[in-house]
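Me: I have a protein model to work through. Can you take me through it step by step?

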Amino acid sequence: MSDETGRKRVARLFDIRRIIGALFLLYGVILSVVGLLDGKAAVDKAEGIRINLWTGIAMIVVGAVFLVWERLRPLDAPDPSHSEEDMALDQPK
């Protein structure tokens, strides 16, 4: 594995869209399961709407959108040859 490939893999691994998407998916699945298992009292308390189920489904959709967005527009790894110090030296004073 080349150094360039390794940098790109690390940059994608810590992409904030991947983290947010995964969290939305995880919490969405948990809420959906809770929504499916809600008792009559919980449904009556929410005026007949399975709010946990619908919120879980919405969170799954949002999480999927984040993960698709991350897949379609991946981040490029920064070029280590151009550090911030080098860029500051290149600018006119």
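Predicted model: local features only at pLDDT ≥ 70, side-chain atom pairs only at ≥ 80, totals over all residues.

Me: What pattern does the protein follow along the sequence?
Reply: Start with the elements. The protein has 5 helices and 0 strands. Read along the sequence, the pattern is α-α-α-α-α.

Me: What percentage of the residues is buried?
Reply: Buried means under 20% relative accessible area. The protein has 93 residues, and the buried share is 17%.

Me: How far apart are the end C-alpha atoms of helix 4, and what span should its residues give?
Reply: Helix 4 covers residues 51–72, which is 22 residues. At 1.5 Å a residue, they should span 32 Å. The model agrees, because the end C-alpha atoms are 31 Å apart.

Me: Which residues of helix 4 are exposed on the other side from the buried ones?
Reply: Take the buried ones to begin with: Leu 53, Gly 56, Met 59, Gly 63 and Glu 70. They cover an arc of only 125° around the axis, so they lie on the same side of helix 4. On the other side, the exposed residues are Trp 54, Val 65 and Leu 72.

Me: Where is Asp 38?
Reply: Helix 2 spans 16–37, and helix 3 spans 40–45. Asp 38 sits in the loop between helix 2 and helix 3.

Me: Which side chain makes a polar contact with the side chain of Asp 38?
Reply: Asp 38 is buried, yet it has no salt bridge. A salt bridge needs atoms within 4 Å. The nearest side chain of opposite charge, Arg 50, is 5.0 Å away. The polar contact, at 3.2 Å, is with the side chain of Asn 52.

Technical notes. Residues numbered from 1 in each chain as written. Heavy atoms only, no water. Helix = DSSP H or I, 4+ residues; strand = E, 2+ residues; numbered from the N terminus. Buried < 20%, exposed > 50% of the residue type's maximum accessible area, 1.4 Å probe, protein only. Lys, Arg positive; Asp, Glu negative; His and termini not counted. Polar contact = N/O pair within 3.5 Å; in protein donor to acceptor, adjacent residues only side chain to side chain. Expected span 1.5 Å × (residues − 1). Arc of directions from axis to C-beta.
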